[in-house]
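Look at the structure, then read on.

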Amino acid sequence: MNDLSMRCNPSHYRRTPWPLALLLLSLTACDSKEAEEDTLRVKYGETWRDFDEERIERLPSVTPRGLWFCGTHDPIPNAVDDETSVCINVTLDEALLGTGPATLTLEGTTTVPVETSGQVAFTPGAGHSPGVVAAWANTGCFGAPPTEPSVQQVKGQLVLEHNSDVWLSGRLKLQLTGTLAGSCPGSAAEADIEFDLPR
């Protein structure tokens, strides 16, 4: 089991009003795009919610290096404080970056603590690729913070079509089940997202 610092992941925004968090992300080397063909959604009860608004992708320049894929769900556009956010974090092994195209399998269990300054713990499954250190989803809204750690089952694939010293692009297909982290946890999350990011 590997413990990871959470100082560079979306959980830092868990108690930040989400519109402000999006602004902070957009000012720190984020890539925002329309997500008409991508999928980013969370399951609440028997209902899936799409998080297609205010979509952001990011590859932070500090360690641990990780891909962030974030979006919001805003059911009443003119209402205040009704937005829900989700960010999916895929932490990468630094040695993987710049080594060329790769297809990586994501399989395992991630435990996310309640404390934003705590440690994410990832236990890889039998088929997990070592180039991916961990993956998890974090939610945010104007609700109460969680009182129990989040445990998420991870299954998916990360395809790096371009992986150079200056650029990273490809596609993430990911399924997360269990209890998502953050103040508005769902029971599952799914992502099918293309990305094209400078390093």
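Q: Is cysteine 184 buried or exposed?
A: This is a predicted model, where local features need pLDDT of at least 70, side-chain atom pairs count only at pLDDT 80 or more, and totals for chains, interfaces and linings use all residues. Residues are numbered from 1 along each chain as its sequence is written, and side-chain values use heavy atoms, with hydrogens and water left out. Buried means under 20% relative accessible area, exposed over 50%, partly exposed in between (1.4 Å probe, protein chains only). Cysteine 184 has 16% relative accessibility, so the residue counts as buried.

Q: Which cysteine forms a disulfide with cysteine 184?
A: A disulfide is a pair of cysteine sulfur atoms within 2.5 Å. Here the sulfur atoms are 1.7 Å apart, and the partner of cysteine 184 is cysteine 141.

Q: What is the handedness of the disulfide of cysteine 141 and cysteine 184?
A: Look at the torsion about the S-S bond. That torsion is about 90°, so the disulfide is right-handed.

Q: Which strand holds cysteine 87, the partner of cysteine 70?
A: The S to S distance of cysteine 70 and cysteine 87 is 2.0 Å. The pair ties together parts 17 residues apart in sequence, because cysteine 70 lies in strand β6 (residues 66-73) and cysteine 87 in residues 84-92. Strands (E, at least two residues) are DSSP runs, numbered from the N terminus. The strand of cysteine 87 is β7.

Q: What is the pairing of the bonded cysteines in sequence order?
A: The count comes to two disulfides. Numbered along the chain, the bonded cysteines pair as 1-2, 3-4.

Definitions and conventions. Helix = DSSP H or I, 4+ residues; strand = E, 2+ residues; numbered from the N terminus.
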